[in-house]
Amino acid sequence: MSEKNEQIDEIVARYEEDEGMLIPMMQDLQAACGYLPPDQLRRLSDRLGVPLARIYGVATFYASFRLAPRGEHEVTLCMGTVCHLKGAGDIAETICREFQVEAGGTTPDRLFTFLPVNCVGACALAPVMVVDGVYHDHMTSQSAVELLRNLPAKADAPEKEARA
């Protein structure tokens, strides 16, 4: 039995194979994998006897579930009215072009996931980009690209932490 199958089996056993606990099982799977891998969802469906379509229905209904891996960093760009008027649309286009990423997608190297959102509630700082929870104000296309190009890859993170 593969390690992945064992992981699903452990999760299902933890909830005593109760299909009413599908959401917590999916949360545990996502916590372990970072997202909901299709092969793992099929195994979950088989183990619980729940149609795969129902599992995907739950996964797509709740915004907290991810069906694709996320990047190492989360980049949120405010697209609210004030940010948009001050250039957020141009920033978004530049990010998509420069990093070969679609809105809501992850860069090919999985360095970051790009999430344009309706508002982050920081209009006085417009345009605003939030990277891993840190707000960056008065962004331009150039400053956004520079910031994203300097994001550390996971392999770089321990070295940075050691220096901190």
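1. Basis. This is a predicted model; local features need pLDDT of at least 70, side-chain atom pairs count only at pLDDT 80 or more, and totals for chains, interfaces and linings use all residues. Residues are numbered from 1 along each chain as its sequence is written, and side-chain values use heavy atoms, with hydrogens and water left out.

2. Helix H6. H6 spans residues 88–99, twelve in number. Helices (H or I, at least four residues) and strands (E, at least two) are DSSP runs, numbered from the N terminus. From first C-alpha to last, H6 reaches 16 Å, close to the 16 Å expected at 1.5 Å a residue. The expected span is 1.5 Å times one less than the number of residues.

3. Burial in H6. Which residues of H6 are buried? They are Ala88, Gly89, Ile91, Ala92, Thr94, Ile95 and Phe99. Buried means under 20% relative accessible area, exposed over 50%, partly exposed in between (1.4 Å probe, protein chains only). The buried residues of H6 pack against strands S1 (73–78), S2 (112–117) and S3 (129–131), and against helices H5 (81–85) and H7 (141–149). Contact here means heavy atoms within 4.5 Å.

4. H6 against H7. Two packed helices are described by the angle between their axes and the distance between the axes. For H6 and H7, the axes come within 9 Å and cross at roughly 40 degrees. That makes H6 oblique to H7. Axes are lines fitted to C-alpha atoms, for helices over the stretch in contact; angles run from 0 to 180 degrees between N-to-C directions. Angles under 35 degrees count as roughly parallel, over 145 as roughly antiparallel, 65 to 115 as roughly perpendicular, and the rest as oblique. The H6–H7 crossing is right-handed. A crossing is left-handed if the near helix is turned anticlockwise from the far one by less than a right angle, and right-handed if clockwise.

5. The H6–H7 contact. From H6 come Asp90, Ile91, Thr94, Ile95, Glu98 and Phe99; they meet Ser141, Ala144, Val145, Leu148 and Arg149 of H7. The contact residues divide into six nonpolar, two polar and three charged. Ala, Val, Leu, Ile, Met, Phe, Trp, Tyr, Cys and Pro count as nonpolar, Asp, Glu, Lys and Arg as charged, and the others, Gly among them, as polar.

6. H3 against H4. Helices H3 (residues 38–48) and H4 (residues 52–61) pack at about 125 degrees, with axes 9 Å apart. That makes H3 oblique to H4. H3 passes H4 in a right-handed crossing. Pro38, Leu41, Arg42, Leu44 and Ser45 of H3 make the contact with Leu52, Ile55 and Tyr56 of H4. By class, the contact has six nonpolar, one polar and one charged residues.

7. Most residues other than glycine have a negative phi, and most peptide bonds are trans. Glu16 has a positive phi of about 50 degrees and lies in the loop between H1 (3–14) and H2 (22–33). Glu16 is exposed, at 70% relative accessibility. Asp132 has a positive phi of about 50 degrees and sits in the loop between S3 and S4 (134–136). Asp132 is partly exposed, at 43%.

8. Cis peptide. Where is the cis bond? It joins Ala126 and Pro127, with omega about -15 degrees. Pro127 lies in the loop between S2 and S3.

9. Lys154. Lys154 lies in the loop between H7 and H8 (157–163). Lys154 is exposed, with a relative accessible area of 62%. Lys154 and Asp39 are 115 residues apart in sequence and 25 Å apart in space, C-alpha to C-alpha.
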